[in-house]
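The sequence and coordinates are shown first.

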Amino acid sequence: MIANLGNIDAAVMISLLLAAIVIGFWSGRKNNDAESYLLGGRSLPWWAILGSIVATETSTATVLSIPGAAYGEVGMRWIQIAMGYVLGRGIVVRVFLPLYFQGKLFTAYQVLEKRFGGATRIAASLLFLVTRNLGDGLRLFLAGLVVHTLLGWPFEVCVLVMGIITIIYTVFGGLRSVVWNDCIQFVIYMLGGAASVFIIANNIPGGWTELSEFAQATGKDRIFEFQFTLSDPYNIWAGLIGGAFLTIGTHGTDHMMVQRYLSARSEREAGRAVFLSSLVVLFQFALFLFIGVELACFYSQSGNVAPGEADQVFADFIVHHFPKNTGLIGLMLAAILSAAMSTLSSSLNASASAFWNDFCLPTFKQPPGPRTQLNSTRGLTVAFGLIQVGIGMWAINLDATVVRSALTIAGYSAGLLLGVFSLGVLTTRAGQASALIGAGFGLATLLAIQFVLPSYDWNIAWPWLAFIGSITTFAVGQVVAIFLPAKSVS
């Protein structure tokens with residue numbers, strides 16, 4: 001436990017955190033209406049959007065849990081899921097992006113209103129808001145636990161520090177601030193990961209040669225598993241099919257991602273960012289999985305005692321084996337904080353955008369003035385920030401199993417929304433009743449898989465949940481459409 005950082009490490013960490021606030025104020029200079037605040041004036045370059053997409057989907061849990069997975073029994077097999085991401089994002093570019101660039105849209109769910117009606121738009125947006133804020137509040141809780149362990153600060157202080165810094169730069173800078181900070185935060189945690197590779201290798205007795213022999217002897221260098229088992233998330237079938245459906249749902253229908261596409265200069269630039277992000281994520285997972293293999297070799301060969309939980313192994317190494325007061329510990333702490341804040345900032349801005357455009361704006365007979373819209377969306381950003389900080393602090397009272405279950409439920413939205421969007425894109429007969437009833441059955445099916453089937457010793461691995469949720473929603477919606485065909489939507 002690090003109760004007090006060395007001067008150099010503290011300076012590095014504090015400087016990087018203050019830089020986020022400075023970027024927020026600098027980015028906010030051009031915000032004069034809701035469009036510039038929520039969509040960056042639709043003028044952001046593709047490479048910045050790419051960095052923001054990757055940083056947004058990378059949380060503290062990713063930075064620490066992916067090495068933990070490779071340290072355990074998974075090894076490098078996790079990368080099969082990232083291969084599914086490449087396939088899925090190719091489909092997002094070809095099928096979903098054209099929908100969002102037909103007209104001047106502000107949220108993903110306006111597409112559903114055009115196809116089905118206002119009730120479907122509201123239901124989809126509400127599902128996004130509830131699951132996004134619940135999930136990211138719990139991720140903030142997990143990040144707070146990590147920072148509490150590393151720094152020795154009170155847990156509540158850790159959550160507040162991350163929450164307040166993120167709220168400040170998001171409120172003042174809007175999406176521009178989120179995107180530029182995401183890019184910097186992406187560079188920070190990738191630099192931290194690259195530095196970790198060499199630091200861990202230098203601490204392994206026998207170095208790179210011993211590492212290579214260990215990986216081969218234990219099978220941790222094996223990437224592909226071709227045997228199909230529905231309960232195993234780490235085979236090629238779960239990776240390609242489950243991973244593809246998951247990323248189509250998260251990157252094709254989740255407004256937190258769609259908001260970035262709408263901020264691009266054109267559909268072509270948005271497509272470039274989406275597809276190339278899958279390749280960057282593939283490399284990123286390979287990097288952090290390799291760190292996990294290194295950690296497994298280090299703790300097995302060096303005689304050091306590893307912590308009981310695999311997720312804690314990387315943090316344990318940072319605490320006890322990183323060079324002290326060289327700036328590297330400060331860099332890694334900043335990397336962990338950056339991973340948490342990049343997800344949180346994106347969530348706050350997207351939640352404010354969805355709530356304002358899907359719930360507030362339609363209630364006005366005449367749209368409010370630009371300044372009113374700007375101030376309203378900033379106020380909503382603060383409100384959602386406080387909600388997520390509140391969830392993060394409240395979660396300390398929950399059992400770890402409850403937290404994991406809640407995070408799983410928060411992930412249901414990807415499959416359900418994908419099923420609803422598929423009904424709209426692939427069919428003409430399905431109407432609003434089909435979409436809503438189909439989504440209801442999809443949700444019931446996922447809840448049964450999580451809470452009922454395990455009692456009968458039937459377990460379905462998590463990569464299949466988005467696939468099952470979307471297929472159930474689509475199939476039931478099609479059946480309902482036979483009896484309740486679509487009516488024209490004015």
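## A side chain-to-backbone contact at Asn357

A polar atom in the side chain of Asn357 lies 2.9 Å from the backbone oxygen of Ser353. A polar contact is here a pair of N or O atoms within 3.5 Å; within protein, one must be able to donate a hydrogen and the other to accept it, and residues adjacent in sequence count only if both atoms are side-chain atoms. Asn357 belongs to helix H14, residues 328–360. Helices (H or I, at least four residues) and strands (E, at least two) are DSSP runs, numbered from the N terminus. In an α-helix there are 3.6 residues a turn, so residues three or four places apart point the same way.

Asn357 counts as buried, at 7% relative accessibility. The classes are buried for under 20% relative accessible area, exposed for over 50%, and partly exposed in between, with a 1.4 Å probe and protein chains only. Beyond its neighbours within four places in sequence, Asn357 is in contact with Leu38, Phe106, Thr107, Arg121 and Pro362, where contact means heavy atoms within 4.5 Å.

## Basis of the model

The model is predicted: local features need pLDDT of at least 70, side-chain atom pairs count only at pLDDT 80 or more, and totals for chains, interfaces and linings use all residues. Residues are numbered from 1 along each chain as its sequence is written, and side-chain values use heavy atoms, with hydrogens and water left out.

## Overall architecture

The secondary structure of the chain consists of 19 helices and zero strands. The radius of gyration is 22 Å, close to the 23 Å that the globule rule gives for 490 residues, so the chain is as compact as a globular protein of that length. That radius is taken over C-alpha atoms, and the globule rule is 2.2 Å times the number of residues to the power 0.38. The C-alpha trace spans about 70 × 55 × 45 Å along its principal axes.

Of the 490 residues, 57% count as buried. Among contacts between residues at least 6 apart in sequence, 85% join residues at least 24 apart. The chain exposes about 19400 Å², of which carbon and sulfur atoms supply 66%; accessible areas come from the Shrake-Rupley method with a 1.4 Å probe, and for residues only the protein chains shown count as cover.

## An enclosed helix

Helix H13 (residues 313–321) is largely enclosed by the rest of the structure, because eight of its nine residues are buried. The buried residues are Val313, Phe314, Ala315, Asp316, Phe317, Ile318, Val319 and His321. They pack against helix H4 (60–71), helix H7 (118–151), helix H8 (155–203), helix H12 (267–301) and H14.

## Loop residues with positive phi

Most residues other than glycine have a negative phi. Arg42, although not a glycine, has a positive phi of about 50 degrees. Arg42 lies in the loop between helix H2 (34–39) and helix H3 (46–56) and is buried, with a relative accessible area of 18%.

Asp457 also has a positive phi, near 60 degrees, and is likewise a residue other than glycine. Asp457 is placed in the loop between helix H18 (432–451) and helix H19 (463–483), and counts as exposed at 67% relative accessibility.

## Further sites

His148, in helix H7, counts as partly exposed at 29% relative accessibility. Leaving aside neighbours within four places in sequence, His148 is in contact with Trp153, Pro154, Phe155 and Cys158. The C-alpha atoms of His148 and Val159 are 8.9 Å apart, with the two residues 11 apart in sequence.

Gln227 lies in the loop between helix H9 (207–218) and helix H10 (236–252) and counts as exposed at 56% relative accessibility. Outside the four places on either side in sequence, Gln227 is in contact with Asn235 and Trp237. Asn375, in helix H15 (residues 370–394), counts as partly exposed at 43% relative accessibility. Asn375 and Asn32 are 343 residues apart in sequence and 9.7 Å apart in space, C-alpha to C-alpha.
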